[in-house]
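I opened the notebook to record what I looked up in this structure. The entries follow in the sequence in which I made them.

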Amino acid sequence: RHHVIPDGAERLQRYKSIAHGIFAKYIKTNSDLEINISYALRKKYTELMADEKVWLDGTESTLADLSRLFQDCYMEIFFLMQQTFTRFQASEKFEKVNSVLTV
């Protein structure tokens, strides 16, 4: 007797695998493209996803959960970018760039 996984479950597993790939590429400590996020946030994702098998097979998730999975990262990075841009706007370099662009 063959066990057939429904399409929804297959899709969920595929999305969880993609999410793990994002974790491994951008969030995992010392990854090649490691993003700048807080220790607490990195720890949260590491505890959730470091063991790929547990993440894929033992962690209950819905498509809605996965769609929001990295929202904390987005928000933290966006906040850091806002701070950086605010500092840039107060700099002489910004004045130079602005004067060239507003001719």
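**Entry 1. Helix packing.** I examined how α2 packs against α5 and found an angle of about 160 degrees, with the axes 11 Å apart. An angle over 145 degrees counts as roughly antiparallel, so α2 is roughly antiparallel to α5. I noted the crossing of α2 past α5 as left-handed. The model is a predicted one, and I have kept that in mind throughout.

I then turned to α1 and α2, whose axes come within 11 Å and cross at roughly 135 degrees. These two helices are therefore oblique to each other. The crossing of α1 and α2 is left-handed.

**Entry 2. Confidence.** I checked the pLDDT before going further. The protein averages 92, and 94% of the residues score at least 70. Which helix has the highest confidence, and which the lowest? Helix α2 (residues 39-49) is highest at 97, while helix α6 (residues 92-101) is lowest at a mean of 92.

**Entry 3. Aromatic pairs.** I found 4 aromatic pairs in the structure. One of them joins tyrosine 45 and phenylalanine 70, which are stacked, with 5.6 Å from centre to centre and 25 degrees between the planes. This pair links distant parts of the chain, as its members are 25 residues apart. Tyrosine 45 belongs to helix α2, whereas phenylalanine 70 lies in the loop between α4 (63-67) and α5 (71-89). Are these two residues buried or exposed? Both tyrosine 45 and phenylalanine 70 are buried.

I next looked up phenylalanine 88 and phenylalanine 94. Their ring centres are 5.4 Å apart and their planes stand at 85 degrees, so I recorded the pair as edge-to-face. Phenylalanine 88 has a relative accessible area of 33% and is therefore partly exposed. Phenylalanine 94 counts as buried because its relative accessibility is 17%, and the cut-off for buried is under 20%. I also noted that ring pairs link Phe85, Phe88 and Phe94 into a cluster.

**Entry 4. A charge over a ring.** I looked at the surroundings of tryptophan 55. Lysine 16 lies over the face of tryptophan 55, at 5.1 Å from the ring centre.

**Entry 5. The loop between α1 and α2.** I inspected asparagine 30, which is placed in the loop between α1 and α2. Its phi is near 70 degrees, a positive value in a residue other than glycine. Why does asparagine 30 count as exposed? Its relative accessible area is 67%, and exposed applies to values over 50%.

**Entry 6. Residues apart in sequence.** Methionine 49 is found in helix α2 and counts as buried, at 0% relative accessibility. I recorded a C-alpha to C-alpha distance of 8.7 Å between methionine 49 and alanine 24, which are 25 residues apart in sequence.

Alanine 9 sits in helix α1 (residues 7-27). I listed alanine 9 as partly exposed because its relative accessible area is 32%. How many residues separate alanine 9 from threonine 62 in sequence? They are 53 residues apart in sequence, yet 9.5 Å apart in space, C-alpha to C-alpha.

Terms used: Residues numbered from 1 in each chain as written. Predicted model: local features only at pLDDT ≥ 70, side-chain atom pairs only at ≥ 80, totals over all residues. Heavy atoms only, no water. pLDDT = per-residue confidence, 0-100. Helix = DSSP H or I, 4+ residues; strand = E, 2+ residues; numbered from the N terminus. Phe/Tyr/Trp six-rings, centres within 6.5 Å; stacked < 30°, edge-to-face > 60°. Buried < 20%, exposed > 50% of the residue type's maximum accessible area, 1.4 Å probe, protein only. Lys NZ or Arg CZ within 6 Å of the ring centre and 35° of its normal. Axes fitted to C-alpha atoms, helices over the stretch in contact; angles between N-to-C directions. Parallel < 35°, antiparallel > 145°, perpendicular 65-115°, else oblique. Left-handed = near helix turned anticlockwise from the far one by under 90°.
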